[in-house]
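Entries follow in the order I looked things up.

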Amino acid sequence: MKVMAVLGSPRKNGNSSILAQKFLEKAAASGAETQSFFLECMQYKGCKACGACKTGSDKCVIEDDLSEVFAEMHKSDIIVYASPNYFGDVSGQFKLFLDRTFSLLNPTFITGPQKSRLAAGKKVVFIFTQGAAEGEYAEVTAKYARLREYFEFADFHILHAGNLMGDVSAKDRPELLLKAEKLAEQLTKR
Ligand SMILES: Cc1cc2nc3c(=O)[nH]c(=O)nc-3n(C[C@H](O)[C@H](O)[C@H](O)COP(=O)(O)O)c2cc1C
């Protein structure tokens, strides 16, 4: 089983990355092969809306550091998306990446069948960390849960963690670390 994480925070050891790392560690302990991509250190552009991936090409025609991420998404069984809440949305780094995943949709993505170029059955975990209290910004995670329909993911799990502002670290929140571990345990069970 292959598990990958796309880390959208510029803070490599920040809260969303800590929780994603916890998930990967537990998945590795269950025998999974894991890999993570730290977007902040990668060179890539946003979607140009050139339409090439819907007309002549079956993949994004922009060749940059995201090409490897997309290749790995094809091979992975579980994909972890991790981002902090920036002004009520994902980080800019993560949104640029996400827009480029438009290239992973077939030209028939609206009408179907087979909307996605990714094989069906992949599971996604969306880790979203914020300074605001738990329960706030539920509309943001609900919005991104719609990715499940577009990409025909088998599951879309949300780990939405609040009260993580400033110096507060997810490392000091055992209940969050446990949630990440439990989720990994559940999803990697054969
Ligand atoms: C540019 C910026 C914008 C932010 N906007 C919000 C916000 O709108 N709501 C919120 O609850 N927290 C906001 N935060 C706080 C972060 O979401 C919070 O500290 C989060 O735990 C950081 O995750 P990370 O350590 O993975 O980067 C913001 C932080 C920054 C730097």
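How many helices and strands does the protein have? I counted seven helices and five strands. I kept in mind throughout that this is a predicted model.

**Fold.** I read the order of elements along the sequence next. The pattern runs β-α-β-α-α-β-α-β-α-α-β-α.

**Dimensions.** I checked the radius of gyration, which is 16 Å for the protein. A compact globule with 190 residues would have a value near 16 Å, so the two agree. The C-alpha trace spans about 50 × 40 × 30 Å along its principal axes.

**Packing.** I looked up burial: 49% of the 190 residues are buried. I then took the contacts between residues at least 6 apart in sequence; 76% of them join residues at least 24 apart.

**Ligand shell.** I listed the surroundings of the ligand and found 17 residues. The closest are Ser9, Arg11, Asn15, Ser16 and Asn85. By class, the shell holds seven nonpolar residues, nine polar and one charged.

Which backbone atoms lie close to ligand oxygens? I found a backbone N or O atom of asparagine 85 at 2.7 Å from a ligand oxygen. For leucine 164, a polar backbone atom is 2.8 Å from an oxygen atom of the ligand. For glycine 131, the corresponding distance is 3.2 Å.

**Ligand burial.** Taken alone, the ligand exposes 640 Å². The protein buries 79% of that.

Note on methods
Residues numbered from 1 in each chain as written. Predicted model: local features only at pLDDT ≥ 70, side-chain atom pairs only at ≥ 80, totals over all residues. Heavy atoms only, no water. Near = heavy atom within 4 Å. Polar contact = N/O pair within 3.5 Å; in protein donor to acceptor, adjacent residues only side chain to side chain. Areas by Shrake-Rupley, 256 points an atom, 1.4 Å probe, with all protein chains shown as cover. Nonpolar A, V, L, I, M, F, W, Y, C, P; charged D, E, K, R; others polar. Helix = DSSP H or I, 4+ residues; strand = E, 2+ residues; numbered from the N terminus. Rg over C-alpha atoms; globule rule 2.2 N^0.38 Å. Buried < 20%, exposed > 50% of the residue type's maximum accessible area, 1.4 Å probe, protein only. Contact = heavy atoms within 4.5 Å.
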